[in-house]
Amino acid sequence: MSSLSYLVSRLLQIIPTFLLVMVVIFLLVRMLPGDPAIAMADAKATEAQLELIRQKLGLNEPFFMQFFYFVKNTLSGDMGTSILLKAPVLDVIIERIPVTAFLTLYAVGLSILIAGPLAFVAALNKNGMLDIAIRSSFQVGLSTPVFYIGLLLLTFLAASLRLFPVGGYGTTFLEHLHHLMLPALTVALYTSAIIMRNLRSAVIEVLDAEYVQFARSKGLSRSVVLGRHVLRNALISTVTLLGLSIGALMSGTLVTETVFAVPGLGRLMLEAIFARDYPLIQGLTLTFAVMVSLVFLFTDMVQAWLDPRLRLS
Amino acid sequence: MSNQQKSLLQVRDLTTTFHSKGRVLRAVDGISFDVRAGEVLGLVGESGSGKSITLRSIIGLARDYGTVEGKVYWKGEDLLARSETQLRSIRGSQISMIFQEPMTSLNPLLTVGLQIEENLKAHTELERAARKARAIELLDMVGIPSAASRLKDFPHQFSGGMRQRVMIAIALASNPKLLLADEPTTALDVTIQDQILQLLLSLAKDLNMAIVLVTHDLGVVAQTCDRVAVMYAGRLVETGSVRDVLKRPQHPYTLGLLKSVPENIPPRTPLYSVPGTPPALDALPQGCAFAPRCLKAEDVCMKSKPPLLVIDEGISSACHFLEVAREEVPA
């Protein structure tokens, strides 16, 4: 059916994106200053030992051959060995993916829970006291740096009140929820501010639409008018924004995971950069790129599900 | 009044005001009219004269953004005194409304079938299968070919004229006794306009339904309406049977509107238009709102608002210079 062909065409679009990302990663890593062989070897290594490492890493091969091997190995699941952790990059990453994925979904979930109802309340009380109160408190959230909010939450909720642990991930689902509450909330306070503003104006705009007036003139109940006619239409633009902010949120995990000592991909990336762990940086960048692509794909699918004009045209 | 009993809807002294930046804007200014069972009443005027707001005030949609005062009697009960919940049982079931823009008045995200069935679900006891059958019947009734297969289609898969038919089908789902039609043909091609008007007329006749047809087109009024009410700057300036008002208009504004309808004129003749533009709601003159554009206007017109007076059986008019003014229309 047409929905299926839309999905397939959208999936195929990921391939060129993926290739482009490979090129960029390959070039970027090679543009970094410093010699990975020196980083890997210890300080007393002789030139001959360094040369051996370079040979092992294929750093003496011609540029294009290096790229060819990179693509070939990556596609066959071999992303090399992490210099820092002395383990296959793929294994290291796969181990950490659930942590970052959990944190991201948790943060998105919290953002929606916070922003959704408040956006509706604000829109329905347009320019009233409630609206102004909601908007100004979110304004504070938007204009405060994420790491600062994180530190505040840590100081009060974790260190003083001991409601939440100061770091870690836990082992069970409930422990995950408990451990990641503060980092997720930190991120959510920021994202929900963006979503709230967008959803509020979308709801206000849709409330004025002729089809909402027509729906009301049919004698539909308020909940049907708001839920079926207003919410769905207002969500279309907000979903796009949500997808984009999840993309930004992924790169934000570098900061959040470091502040909250969460053993996820973001913190790993920071460690890899400091250790000049080229294979790991490459692998992580690629992983982030794939995850963001998947989020955008998912966003597009939700859009198409919401708006028939997208899937049928 | 003699036809009090036959009146389906009685609007008395309806006033709708908006509050904007500390100013009070009077969009509808104390208008009164009746709609009799089964008749087609044309509500005519330029853009901004308050026609659409009048319709929205009747079924309580204008309350959201303005203050609505006066009385609107429906089956002897004042609709304006009803709560939102109480009004809901009348909206869409006894009084329905259709809008000007078929492109924007249907929800783009919902199937046409669902948008019809919503109405049935709100106002009837019909089961799912029966609702579907009724939806097909309705689409068929408004002249949509192969109705059964189109229930699952979305509004953007229909042409403008077809969408207007869909909107009519939705509005008529629960057999209303009154249809408020807000410029239902303005956005359509001329050929389609005529089809839609004919459809509305034949449906009104079959279902014994009255229509209040808002339009700015006197040609449409002449074709379709039994009676006409002319609005200017939120007030009624002339009402009467279509034949009387079009044949011997009393109000200079009606006369101007009539003269601006091109009819039997040689090619390349400039069209007549009423000089000037309607006053802004925040700058209404103290006297007759039409006075600044009126060729007959004298001092009295600038000072006091003329009341709507019954001239004879068929016609009432609001002008200081009526030839035979008799009695004031009872409010």
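# Notebook: helix 6 of chain B and beyond

**Entry 1: helix 6 of chain B**

I started by listing the buried residues of helix 6 of chain B: B:Gly161, B:Met162, B:Arg163, B:Gln164, B:Arg165, B:Val166, B:Met167, B:Ile168, B:Ala169, B:Ile170, B:Ala171 and B:Leu172. A residue is buried if 20 or more other C-beta atoms lie within 10 Å of its own, exposed if 12 or fewer, and partly exposed in between, with C-beta atoms placed from the backbone. Helices (H or I, at least four residues) and strands (E, at least two) are DSSP runs, numbered from the N terminus.

I note that this is a predicted model, in which local features need pLDDT of at least 70, side-chain atom pairs count only at pLDDT 80 or more, and totals for chains, interfaces and linings use all residues. Residues are numbered from 1 along each chain as its sequence is written, while chains are lettered from A and ligands numbered from 1 in the order in which they are written.

How many of the residues of helix 6 are buried? I found 12 of its 13 residues buried, and the helix is mostly covered. Helix 6 runs over residues 160-172 and reaches 18 Å from its first C-alpha to its last, close to the 18 Å expected at 1.5 Å a residue. That expected span is 1.5 Å times one less than the number of residues.

I then looked up what its buried residues pack against. The partners are strand 6, helix 3, helix 4, helix 5 (128-141), strand 7 (178-182) and helix 7 (190-207) of chain B. Contact here is between two residues whose C-beta atoms, placed from the backbone, lie within 7 Å.

I checked the pLDDT, the predictor's confidence in each residue, from 0 to 100. Chain B averages 87, and 96% of the residues score at least 70. Over residues 1-5 of chain B the pLDDT is below 50, and this stretch has 2 contacts in the model beyond near neighbours in sequence. For the complex, the predictor gives an ipTM of 0.88 and a pTM of 0.81.

**Entry 2: helix 1 of chain B**

Why is helix 1 of chain B largely enclosed by the rest of the structure? I see that 8 of the 8 residues of this helix (residues 51-58) are buried, so it is largely enclosed. Among them are B:Lys51 and B:Arg56. Just after helix 1, I came to B:Gly60, which takes a positive phi of about 80°.

**Entry 3: the largest nonpolar core**

Of its 152 residues, B:Ala169, B:Leu180, B:Ile211 and B:Val212 touch the most other members. Helix 10 (residues 181-207) of chain A gives the most to this core, with 17 residues.

I followed B:Val212: leaving aside neighbours within four places in sequence, its contacts are B:Val35, B:Leu41, B:Leu43, B:Leu55, B:Leu180 and B:Ala181.

**Entry 4: two buried residues**

Is B:Met209 buried or exposed? I found it buried, with 22 other C-beta atoms within 10 Å. B:Met209 sits in the loop between helix 7 and strand 8 (210-215) of chain B. The C-alpha atoms of B:Met209 and B:Ala37 are separated by 6.7 Å, although these residues are 172 apart along the chain.

A:Val203 counts as buried because 24 C-beta neighbours lie inside 10 Å. Leaving aside neighbours within four places in sequence, A:Val203 is in contact with A:Ala119, A:Phe120, A:Ala123, A:Val230 and A:Ala234.

**Entry 5: where the chains meet**

I looked up the interface: 24 residues of chain B are in contact with 20 residues of chain A. On the chain B side, strand 6 (95-98), helix 3 (102-105) and helix 4 (112-123) give two or more residues. Helix 4 provides the largest share, 4 residues. I sorted the residues of this side into 10 nonpolar, 10 polar and 4 charged. Here Ala, Val, Leu, Ile, Met, Phe, Trp, Tyr, Cys and Pro count as nonpolar, Asp, Glu, Lys and Arg as charged, and the others, Gly among them, as polar.

**Entry 6: UniProt records**

In an unreviewed entry, UniProt lists "domain: ABC transporter" for residues 9-258 of chain B. I found this range to be 38% helix and 28% strand. For chain A, an unreviewed entry lists "domain: ABC transmembrane type-1" at residues 97-299. That range is 84% helix and 0% strand. UniProt positions are in the numbering used here, feature names are shortened, and annotations may be inferred rather than shown by experiment.

Definitions and conventions. A nonpolar core is a set of buried Ala, Val, Leu, Ile, Met, Phe, Trp, Tyr and Cys residues joined through C-beta atoms within 7 Å.
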